[in-house]
Amino acid sequence: MSWDELYLETCCRSALHRLVLSGETGRPVGPPPEGRMPDFRAPLKDRSCLLRLAGMGLARQREDGRFEVTPAGVQRHDREILSMRRARRRWG
């Protein structure tokens with residue numbers, strides 16, 4: 001990470017990781033309009049993080065309302081999140 005990059009809070013790093021894991025499907029911002037949903041699919045609590053990631057250019061919101069990771073987001077994920085995983089394997 002360089003000193004001129006905005007810091008990613010832990011919650012936003014987690015949201016970025018979930019965004020990468022969602023792949024082409026993307027992440028919804030809330031329940032679909034067809035009606036009531038069970039609690040486990042309540043509106044996403046990471047909506048504010050997804051909006052922040054979009055503001056940073058690490059994600060974008062598609063026309064269907066779902067968020068997807070940008071190439072810059074993939075690079076940031078690889079550098080910050082995957083590097084932590086590699087370090088854990090090396091030391092653990």
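Modeller: Helices here are DSSP runs of H or I with at least four residues, and strands are runs of E with at least two, numbered from the N terminus. Just after H2, Gly-57 takes a positive phi of about 85 degrees. The model is predicted, with local features needing pLDDT of at least 70, side-chain atom pairs counting only at pLDDT 80 or more, and totals for chains, interfaces and linings using all residues. Residues are numbered from 1 along each chain as its sequence is written, and side-chain values use heavy atoms, without hydrogens and water.

Biologist: Why does Asp-46 count as buried?

Modeller: Buried means under 20% relative accessible area and exposed over 50%, with partly exposed in between (1.4 Å probe, protein chains only). Asp-46 has 4% relative accessibility, so it counts as buried. Asp-46 lies in the loop between helix H1 (10-22) and helix H2 (47-55).

Biologist: What makes H1 roughly perpendicular to H2?

Modeller: Axes are lines fitted to C-alpha atoms, for helices over the stretch in contact, and angles between N-to-C directions run from 0 to 180 degrees. H1 and H2 pack at about 85 degrees, with axes 9 Å apart. Angles under 35 degrees count as roughly parallel, over 145 as roughly antiparallel, 65 to 115 as roughly perpendicular and the rest as oblique. Therefore H1 is roughly perpendicular to H2.

Biologist: What puts the buried residues on the same side of H2?

Modeller: The buried residues in H2 are Cys-49, Leu-50 and Leu-53. They cover an arc of only 100 degrees around the axis, so they sit on the same side of H2; the arc is that of the directions from the helix axis to the C-beta atoms. The face of H2 turned away from its buried side carries exposed Ser-48 and Gly-55.
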